[in-house]
Amino acid sequence: MHINTDKILQVRDMNIHFTFGGGLLKSGRKAVLKAVDGVSFDLLTGETLGLVGESGCGKSSTAKGVLQLYKPTSGQVLFKEENLCDLQGEALRRMRRQMQMIFQDPYASLNPRMTVLRIIEEPMKVHRTHGNRKERREQVIEMVQRVGLNPSDIHRYPHEFSGGQRQRIGIARALAVRPELVVCDEPVSALDVSIQAQMIHLIEALRDQFNLSYLFISHDLSVVKHISHRVAVMYLGIIVELAAKEELYARPLHPYTQALLSAIPIPDPEVERQRTAIALEGEIPSPLAPPPGCRFHPRCRLREAVCSRQTPQWREVAPGHHVACHLV
Amino acid sequence: MKKQPHKRTRDTIAALKPHYLPASADAGGAAPHRYHWLIDLFIQLVKTKPLGAFGGALVLTLVLMALAAPLIATHDPNEMHGMQTLVPPGSDFFFGTDALARDLFSRIVHGARVSLTVGLGAVGLSIFLATVIGVLSGYFGGVLDTILQRCVDAIMSFPWLIIMLTVMSILGPGTGNVILALALAGFAGSSRVIRSAVLAIKHSEYVLAARSIGCRQPAILIRHILPNVAAPILVLATLGLGNAILAEAALSFLGYGVPPPAPSWGRMLSGDGLDHMLRGPWLVIFPGLAISAAVFGFNMLGDALRDLLDPRLTGGARANK
Amino acid sequence: MMPTPMQNQQQAKPILEVHGLIVRFTLRDGALIAVRNVSFDLFPGESLGVVGESGCGKSVTFLSVMRLIPTPPGKIDAVKMRFSGMDLLDASKRQMRRIRGNRISMVFQDPMSSLNPVLTIGRQMREGIQLHLGLSGRSLDDRCIELLDKVGISAPEMRLKSYPHQLSGGIRQRVMIAMALSCNPSILLADEPTTALDVTIQDQILRLIRDLTRDLGTASVLITHNLGAVAGTTDRIMVMYAGRIVEKAPTPLLFKDPRHPYTQGLLRSIPRVDQPAGRRLYSISGAPPDLLRETIQGCAFAPRCPLAEEQCVAQAPSLEPFAPEHLVSCWKAADAHQHG
């Protein structure tokens, strides 16, 4: 593993807001959904940054915002010093060679009407990285072998493969043009347990082989613990805590991180018997009307008066350990 | 990036391959034969959809009849056989003769050409218009969608017969104009169907994947959207053919169809048939049967194809849950 | 503390007895045996975990018990399938309807698709209770409110007037549990009840099911792919693979001394938050067999098994007692020490 201190990706105060209602003739107020509300983080070259949170916390929107699949409403996404948010059309399209995505659902992310060869070949065609058909085909075969499929499979269609194999096809497609940054959006959550471990190994091995940097999105804290160097926890559109993996799991500071960690069932009845989950009150509030002050305060067991009044500062409380909470 | 057009058509046909069909034998790593699935589809059709296969057989008969009309017909369809008017069916004239002493059998055989030309032409044009509008409207959405769909609404608010009659009155008679009238009356509804199919596919993860790879918009439309709406388009086309033949008959019945003396099934029914129905019932029975058979054949085939090409209806290959 | 169901097991009569269950499907692409010779007993008040990956037959087994498998294409055979003395194989449709939802009730993975979106929660709850318990009017409403209260829903009177889409996933699943428990069933079948929910909600729902069934003396079956989910909430576990039970044991024993290489592999391949991060994750090679396309002669796990020998490929092992209450279907059960 080569982790430099070079930052391959710097996200600065990124906002992604969706506007609803307010049609041509409707005079009603527009509702604004702040899916991502001022998110900042860095990703170092060769590093894996885990981004965890529950459904609706904005982790997937963050991933798509980084890749400009959703255009951020404001903020900066600096990929190797270049602000992707400023790029348009052809310039952005050309940048996409260096940053690829691995998708969650291996059943939905492959075009059912294309063979494996055409699926993996497509990014090479799009970016003209390989001269002719034969070279592309050789590269496809190499990629197919790297991800653990059989070269004779390249003329088959996605439906002829199992979920795990399809995910391998998706990974081969993402890596075919030798990107530097790969955004993994829940790449193992749709897979069976015995296949998950294989996929985690593959993703780790490819990171080292190709010197990739991963932004790894997941709701599963155990998987993230395994694969990441640093972990960021999101809640309702903001990052509430970010730290090196060892630090975060051993010493979670934000009450939400603590609750999240305490809720994971452990596959061991003896440990399970002693585990006490920190119950969260209520449900996640609607992102259309996030609570004032600290967004987590209505569900927080430690809340104080200040929490509902003032938004907590994003502070570095220990080297590399950032948290947004009044009580830390 | 340059591809021969022929190659592209082949790709699109191959892309129609339904999901559930078994993998072609490609264990050796050789490319599977591109058209194996067509044979598989045929076997599936005969095995699981006998009615659809029967429809297919009717359609095939019709096509052969149209292609080999001069060989099959026993007489020139427009030749008048002297005084032999309204001769009942017999060995000289299989289906009898009409009031102008023309051989009805030969006219019906040649009429297949007219029906198919009009049917294929109208459906081809209508599906082309529908696909362009449906795909653009569905994929790009927004203002374009609103404008196109309000136009479609406007067209759909008129009964199709009114549209056809209006177009025919403006353009005047002629086979080409019949085709145009039929297409204009039919494309709006089809474009709605295609648009909704595109809407469903537009949000699929593989289209997002194509964007994340860096595909250009046209490539996304051609490689990812079109092949995946090909199945509904094909079904619309087969069902539309039956309708077009029927509509041409209706136009001819009203006197707006393919101009005489071309043997049109609809005109045979409406002209002579109607006048001499009581003296020569064969004049309405045979053209009526021909129209029914053609429409029935195309509809049955279309229904069967819809079922066979829709992976959701067949459950797909991964039915182990 | 109450005696655990485990201790009562010897004396008690099982509420559900399944012996030699085989479920076949005839599909257009071929025939498929989804469940192969599955036998188990469920005792009153106990909590049974059924663990396996997708397609292993865990759901089909219990859908067959409920006779919810469409036949054809399905075909259910069994030596014995009895629910509190009543033969489920020969039961009429009417008898089955009376059992379903009343004596045996189910909770599914996706609460949104199990609830009718156009009816209020109250309307749907009342329907089931009315049908099976014959309550009406005021007492019916009281019962609904009592149930919602029991599953931890605040302001139950208000929730009765809500539509499913107005509630969050967690609350919807609580409503489903309340409905499932509304007729005091003897068995609660929960098929992946928490898979669609968030981590923090998952834990609450699992504990809710465990506590409620324990209080009511209802036997529960928790069908899941997540070994973590069953570790703290079940008394016994059966692990299924390719349509068969490969291992069956009391929960503590299964985790402490798993004997089937598949169970061992599963346990070691799960990343755990309570263990140091450096630990290398074990992974089972290969993939489960495609039951539709492959014929299985010997042990279905043999192609993926590190201990497989000739015998494993040639002949399928049967589910044999390895220790008291610990059944394993593996030729190498005695050698299969857990390592790592």
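**Strands, helices and contacts**

Me: Strand 1 (residues 16-27) and strand 5 (residues 80-83) of chain C run in the antiparallel sense; what makes them a pair?
Reply: Four bridges join strand 1 of chain C to strand 5 of chain C. Two strands pair if DSSP finds at least two bridges between them, so the term applies here. V18(C) stands opposite M81(C) of strand 5 of chain C. Strands themselves are DSSP runs of E of at least two residues, and helices are runs of H or I of at least four, both numbered from the N terminus. The model is predicted: local features need pLDDT of at least 70, side-chain atom pairs count only at pLDDT 80 or more, and totals for chains, interfaces and linings use all residues. Residues are numbered from 1 along each chain as its sequence is written, while chains are lettered from A and ligands numbered from 1 in the order in which they are written.

Me: What does strand 5 of chain C form with strand 6 (residues 86-87) of chain C?
Reply: The two strands pair in the antiparallel sense over two bridges, and R82(C) has D87(C) as its bridge partner in strand 6 of chain C. Together they form a hairpin with two residues between them, and S84(C) in the turn has a positive phi of about 35°.

Me: How is strand 3 (residues 47-51) of chain C known to be mostly covered?
Reply: Five of its five residues are buried. S47(C), G49(C) and V51(C) point one way and L48(C) and V50(C) the other way, and all are buried. Strand 3 of chain C runs parallel to strand 9 (residues 219-224) of chain C, with five bridges, S47(C) being partnered by S220(C). Four bridges join strand 3 of chain C to strand 10 (residues 236-241) of chain C, also in the parallel sense, and L48(C) stands opposite R236(C).

Me: To which sheet order do these strands belong, and which strands are at its edges?
Reply: Eight strands of chain C form an open sheet in the order 7-8-9-3-10-11-13-12, with mixed pairing. Strand 7 (104-107) and strand 12 (320-323) of chain C are the edge strands, as each pairs on one side only. Strand 11 (residues 244-250) and strand 13 (residues 326-328) of chain C pair in the antiparallel sense over two bridges; E247(C) has V328(C) as its partner.

Me: Why is T224(C) called buried?
Reply: T224(C) has 24 C-beta neighbours inside 10 Å and therefore counts as buried. T224(C) is in strand 9 of chain C. The C-alpha atoms of T224(C) and E192(C) are separated by 4.8 Å, although these residues are 32 residues apart along the chain. Not counting residues up to four places away in sequence, T224(C) touches G49(C), V51(C), E192(C), A229(C) and V230(C), where contact requires C-beta atoms, placed from the backbone, to lie within 7 Å.

Me: Why are helix 5 (residues 121-133) and helix 6 (residues 137-150) of chain C called roughly perpendicular?
Reply: Their axes come within 10 Å and cross at roughly 110°. Axes are lines fitted to C-alpha atoms, for helices over the stretch in contact, with angles from 0 to 180 degrees between N-to-C directions. Roughly perpendicular covers 65 to 115 degrees (under 35 is roughly parallel, over 145 roughly antiparallel, the rest oblique), and helix 5 and helix 6 of chain C are therefore roughly perpendicular. Among the residues in contact are M125(C) and I129(C) of helix 5 and L140(C) of helix 6 of chain C.

Me: What makes helix 9 (255-262) of chain A mostly covered?
Reply: Six of its eight residues are buried, namely P255(A), Y256(A), T257(A), A259(A), L260(A) and L261(A). What covers them includes helix 8 of chain A and helix 9 (199-216) of chain C.

Me: How many residues does each chain give to the contact of chain A with chain C?
Reply: Chain A gives 38 residues and chain C gives 34. Helix 6 of chain A gives the most to its side, with seven residues.

Terms used:
Contact = placed C-beta atoms within 7 Å. Buried ≥ 20, exposed ≤ 12 C-beta atoms within 10 Å, placed from the backbone.
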